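Please read this briefing with the sequence and the structure side by side.

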Amino acid sequence: MRKHCPVLLLVLLCCAQTVAAQTASSHAEYLGRYTDGADYVVYVEETAYGLTVRPALWTATQLLKQTGPNDFTVVDRTTRGAKFRRDARGRVAGVTIRGMEGEGLNLIRANQRPLPIELLLSGKGAQAAREYLAARADAKRIIESAERVLSRFPSKASAVVAFLSTVQRRDSRNANLHVLLGSAYVAVGNRTAAVASFRRAYALDPNNKDAVSGLARLHALPRNYTDRETPWRLRFPLHDVFKPPTAGEIKEVEKDWRSRDLRPRDVREVATGEIKFGEDVFRVRVVSHLVHGQKHFGAIMMPANGNLSSYPVIVEAKGVSWNYFHLNLTGLDAPAFMKDSRRQFIYVVPSFRGEVMNFNGVDYESEGDRTNAWDGATDDALALLNVALETTPAADPHRIGVFGRSRGGTVALLMAERDPRIRCVVEWAGPTDRFSLMGTEGWTQEELFAEGLRTRARPDETGGQRVEHFLLKAVRGEEGLTAVRHRLIASSPLYFARRLPPAQLHYGMEDTSVPVRNGVELAKSLRLRTVAKLNRAATARADLERTRAVVMQRGQFEAFFYRGQGHDTDRLLAPVLSRQFLIDCLAR
């Protein structure tokens with residue numbers, strides 16, 4: 001196993017630059033800033049990895065590949081792309097993008113002064129507001145611009161406060177403006193000002209649900225206010241749920257893990273077929289098996305033309321959404337980013353309890369409670385790994401790695417903490433602590449849960465998914481405080497970090513779903529220290545994509561924190577680093 005060091009980053013970058021230099025001249029005519037002259041801007045740049053496009057209000061840069069004379073498609077999202085237009089002289093003059101914000105707009109190549117939205121994104125909130133007001137922009141447009149920035153870029157909250165504070169001097173009777181200003185104040189930690197803004201909005205419009213929501217979370221609702229619906233009730237104080245875990249509680253979780261029987265049960269091969277990643281063909285076996293008496297499905301994929309007697313194994317764990325999106329085997333991340341090395345591995349892909357996996361147009365729905373989406377999903381993944389090792393002679397039990405993003409990142413960490421056979425783990429944007437690190441937009445985890453209980457929130461509403469995953473059984477009287485806390489702890493890799501094998505972590509600093517502090521605190525618990533800052537270089541090709549990454553490292557542990565990037569982390573550098581880490585860990 002290698003010792004990681006920042007030198008690797010320079011080697012990878014230099015290799016990428018060599019390739020990029022070969023195509024830079026052909027792409028130069030497309031580079032530039034394209035805008036509708038109002039609120040939409042797209043940047044097209046040459047990077048170390050090739051041509052990229054990024055709408056100004058997106059936190060994930062898209063890598064393009066050319067598919068026609070003036071047509072480009074995003075490499076890993078083929079529904080996205082860009083079509084360039086030329087003027088009468090044959091010069092590139094505009095672009096239309098698809099599958100991204102600003103789709104269908106006639107964007108013109110322009111170098112004029114920054115738009116107000118760009119000023120706001122650069123931190124010049126008051127100046128941006130003055131320019132909007134000078135242009136006589138209507139309130140709806142102004143509020144929408146501020147809302148988009150606040151909801152996507154946590155680091156810009158102070159600029160949004162300055163922006164809205166300037167605007168309200170002209171438009172002091174817009175309830176929605178005061179609601180958004182209140183939210184911005186919460187995001188920067190000024191709760192006294194937030195209460196005042198939410199109260200102003202409520203006074204202007206007592207039926208404004210967002211004003212009521214803000215005041216409720218801040219315990220500042222008028223005394224005579226009565227909820228229209230009866231809130232969900234718990235038999236214990238919500239505050240007790242979020243007290244820091246004790247050493248005894250953590251040991252009880254570890255004891256519980258040891259008691260779980262995840263050996264293969266009633267294993268059946270229910271379908272076979274093939275799947276293609278790039279030019280590589282894999283044989284797929286869909287298997288069913290029992291986990292705690294309930295039927296689950298998963299896929300085991302092996303190179304179709306492989307000639308090795310033993311292959312390392314990569315387990316990929318999927319994320320989760322409020323509607324539990326289906327797992328489609330054609331959309332897996334690990335086989336995609338492993339590229340030319342992908343055929344050196346066997347891939348094991350669990351379908352989690354109560355969720356659906358699709359292969360060759362057929363849905364396979366696992367039994368069980370899908371709301372047990374963290375600790376329970378880890379059981380499912382470990383159980384399928386046991387099935388794969390028992391039924392796949394070529395799978396090497398001594399070379400196992402796990403990968404996941406978002407919820408899958410958490411499951412990957414938990415798997416590695418629970419199973420000593422796992423040699424290494426790569427995770428992107430996984431929650432690590434369900435007690436204090438998953439509050440968003442300035443709100444604490446407890447406040448978001450409380451709002452979900454108060455409004456009986458659906459999974460797609462504030463606090464709804466959190467309540468569904470961790471408190472709904474308690475609401476129904478099926479669980480008490482001890483059981484709720486037990487599951488929260490068992491879903492929080494931070495408390496078991498000492499059990500981790502070599503690990504690589506990736507987080508976006510602008511992530512509004514999983515705050516970057518989840519990665520920072522896990523890195524601290526692993527005693528990682530900052531060893532490098534990858535700043536934007538002076539020239540485009542020397543730029544690590546527009547990535548502004550802070551690197552923490554110690555021995556066989558690494559963490560990357562990407563400036564300007566969101567929940568997708570960095571779509572260019574993260575795959576490169578993840579591939580190299582897994583190759584070094586498993587294939588050598």
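On a 1 Å grid over the protein atoms alone, a cavity is a set of points where a 1.4 Å probe fits but cannot get out, and lining residues have an atom within 4 Å of a point. Grid points are joined across faces, edges and corners, and a volume is the space filled by probe spheres set on the points. This is a predicted model, in which local features need pLDDT of at least 70 and side-chain atom pairs count only at pLDDT 80 or more, while totals for chains, interfaces and linings use all residues. Residues are numbered from 1 along each chain as its sequence is written, and side-chain values use heavy atoms, with hydrogens and water left out.

**Cavities**

- Searching the whole structure gives two cavities of 30 Å³ or more.
- The largest cavity holds about 50 Å³ of space.
- Its lining is made of Asp39, Tyr40, Val41, Val42, Pro55, Ala56, Leu57, Glu101 and Gly102.
- Six of these lining residues are nonpolar, one is polar and two are charged. Here Ala, Val, Leu, Ile, Met, Phe, Trp, Tyr, Cys and Pro count as nonpolar, Asp, Glu, Lys and Arg as charged, and the others, Gly among them, as polar.

**Disulfide**

- A disulfide is a covalent bond between the sulfur atoms of two cysteines. In this model a pair of cysteine sulfur atoms within 2.5 Å is taken as one.
- The structure has one disulfide, and it joins Cys424 to Cys585 with an S to S distance of 2.3 Å.
- The pair links distant parts of the chain, 161 residues apart: Cys424 is in strand β18 (residues 422-428) and Cys585 in helix α19 (residues 573-587). Helices (H or I, at least four residues) and strands (E, at least two) are DSSP runs, numbered from the N terminus.
- The link of Cys424 and Cys585 is left-handed, with -115 degrees about the S-S bond.
- Both Cys424 and Cys585 are buried. Buried means under 20% relative accessible area, exposed over 50%, and partly exposed in between (1.4 Å probe, protein chains only).

**Nonpolar cores**

- In soluble globular proteins, nonpolar side chains tend to be buried together.
- A nonpolar core is a set of buried Ala, Val, Leu, Ile, Met, Phe, Trp, Tyr and Cys residues joined through side-chain atoms within 4.5 Å.
- The largest nonpolar core has 50 residues, and those with the most contacts inside it include Val313, Val425 and Leu522. Helix α12 (residues 375-391) gives the most to this core, with nine residues.
- Apart from this core lies another, of 48 residues, among them Ile117, Leu119, Ala175 and Leu218.

**Single residues**

- Ser578 is in helix α19 and counts as buried because its relative accessible area is 0%.
- Leaving aside neighbours within four places in sequence, Ser578 is in contact (heavy atoms within 4.5 Å) with Phe337, Val426, Trp428, Gln504 and His506.
- Lys339 lies in the loop between α11 (334-338) and β14 (346-350). Lys339 counts as partly exposed because its relative accessibility is 46%.
- Not counting residues up to four places away in sequence, Lys339 touches Asp280 and Arg579.
- Ser406 has a positive phi of about 60 degrees although it is not a glycine. Ser406 sits in the loop between β17 (395-405) and α13 (407-418).
- Ala429, also not a glycine, has a positive phi near 55 degrees. Its place is in the loop between β18 and α14 (445-454), and Ala429 counts as buried because its relative accessibility is 1%.

Notes: 1 Å grid on protein atoms, 1.4 Å probe; cavity = no way out; pocket = protein on both sides within 12 Å on 5 of 7 lines; lining within 4 Å.
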